[in-house]
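Here is a short briefing on one protein model. It covers a strand residue, the aromatic pairs and a pocket.

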Amino acid sequence: MVDFQSRDTRRGRSDDEAETRTGDERDEQSNGSSSDPATAKPDEQPRSVETGVFVLRIGDGADEMAADPVAVVIDALDGDGRTVAGQDTVESGFDAVQTAIDRVVSRRDVDVVLTVGGTGVGPSDATVEAIEPLWEKAMPGFGELFRVSYHEQVGPEVISMRPTAGIIDDVPVFCVPGEADAARFTVSEIVLETLDGLLEDVADPS
């Protein structure tokens with residue numbers, strides 16, 4: 001089990017610690033960031049002026065007969081002019097999801113995280129259980145709005161869909177369903193419609 005008790009100290013880690021990151025991690029940051037890494041150390045870089053969204057697939061998503069929900073999400077982000085800071089895939093497991101989220105929200109080029117998949121009620125669906133203990137502030141209205149709105153398309157089966165959202169280290173994290181149509185609806189009709197105001201609230205709650 002990963003120990004997340006020291007989460008509140010991560011933002012203040014020393015420059016020496018930052019320099020111990022692997023080359024791959026530094027490359028990931030520079031590839032997705034609008035800041036120039038040559039002019040500032042990683043921990044001194046502010047979050048990007050453009051909204052950097054990281055897309056994290058939960059589970060392998062291997063279904064050749066279905067549309068790829070991650071591609072659908074990225075298309076929606078591109079269509080709205082958002083910067084995709086990166087994407088990755090992590091297995092659907094409690095510790096794996098928590099570790100991946102902890103890594104991604106610490107990146108300076110990431111302002112928002114979208115996880116895709118693992119929000120159902122199947123035996124392998126662990127996203128909600130893994131994410132909820134990490135919330136500093138939960139946003140229950142996200143799941144409530146999704147179910148009310150998406151009910152018009154799928155009817156009562158919406159009760160088994162558990163998208164959720166909250167704030168981790170000042171980064172909004174949205175857990176999106178892994179079915180392509182539901183993912184498209186969630187991102188286009190809810191996330192992107194509310195994102196700018198939410199980021200303003202997180203940056204300056206006063």
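Helices are DSSP runs of H or I at least four residues long, numbered from the N terminus. Phe 146 and Tyr 150 both fall in helix 6, 4 residues apart, or about one turn of the helix. The model is predicted.

**Aromatic pairs**

- The count of aromatic pairs comes to 4.
- One of them joins Phe 142 and Phe 174 edge-to-face, with 5.2 Å centre to centre and 65 degrees between the planes.
- This pair links distant parts of the chain: Phe 142 sits in helix 6 (residues 140-154) and Phe 174 in strand 6, 32 residues apart.
- Phe 142 has a relative accessibility of 7% and counts as buried, because buried means under 20%.
- Phe 174 is buried too, at 2% relative accessibility.
- The ring centres of Phe 146 and Tyr 150 are 5.1 Å apart, and their planes meet at 25 degrees, so this pair is stacked.
- Stacked pairs need planes under 30 degrees apart, whereas edge-to-face pairs need over 60.
- Phe 146 is buried, with a relative accessible area of 0%.
- Tyr 150 also counts as buried, at 3% relative accessibility.
- Ring pairs tie Phe 146, Tyr 150 and Phe 185 into a cluster.

**Val 173 in strand 6**

- Val 173 belongs to strand 6, which spans residues 171-176.
- What is the relative accessible area of Val 173? The value is 0%, so Val 173 is buried.
- Leu 114 lies 59 residues from Val 173 along the chain, yet their C-alpha atoms are separated by 5.9 Å.
- Leaving out residues up to four places away in sequence, Val 173 touches Ile 101, Val 105, Val 113, Thr 115, Trp 135, Thr 164, Ala 165, Gly 166 and Ile 168.

**The largest pocket**

- The volume of the largest pocket is about 520 Å³.
- Its lining takes in 28 residues. Nearest the centre of the largest pocket lie Pro 69, Gly 117, Pro 177, Gly 178 and Glu 179.
- Which elements give two or more residues to this lining? They are strand 1 (52-58), helix 6 and helix 7 (180-203).
- By class, the lining of the largest pocket holds 10 nonpolar, 10 polar and 8 charged residues.

How values were computed
Residues are numbered from 1 along each chain as its sequence is written. This is a predicted model: local features need pLDDT of at least 70, side-chain atom pairs count only at pLDDT 80 or more; totals for chains, interfaces and linings use all residues. Side-chain values use heavy atoms; hydrogens and water are left out. Buried means under 20% relative accessible area, exposed over 50%, partly exposed in between (1.4 Å probe, protein chains only). Contact means heavy atoms within 4.5 Å. Rings of Phe, Tyr and Trp (its six-membered ring) pair if their centres lie within 6.5 Å; planes under 30 degrees apart count as stacked, over 60 as edge-to-face and the rest as tilted. On a 1 Å grid over the protein atoms alone, a cavity is a set of points where a 1.4 Å probe fits but cannot get out, and a pocket is an open set with protein on both sides within 12 Å along at least five of seven lines; lining residues have an atom within 4 Å of a point. Grid points are joined across faces, edges and corners, and a volume is the space filled by probe spheres set on the points. Ala, Val, Leu, Ile, Met, Phe, Trp, Tyr, Cys and Pro count as nonpolar, Asp, Glu, Lys and Arg as charged, and the others, Gly among them, as polar.
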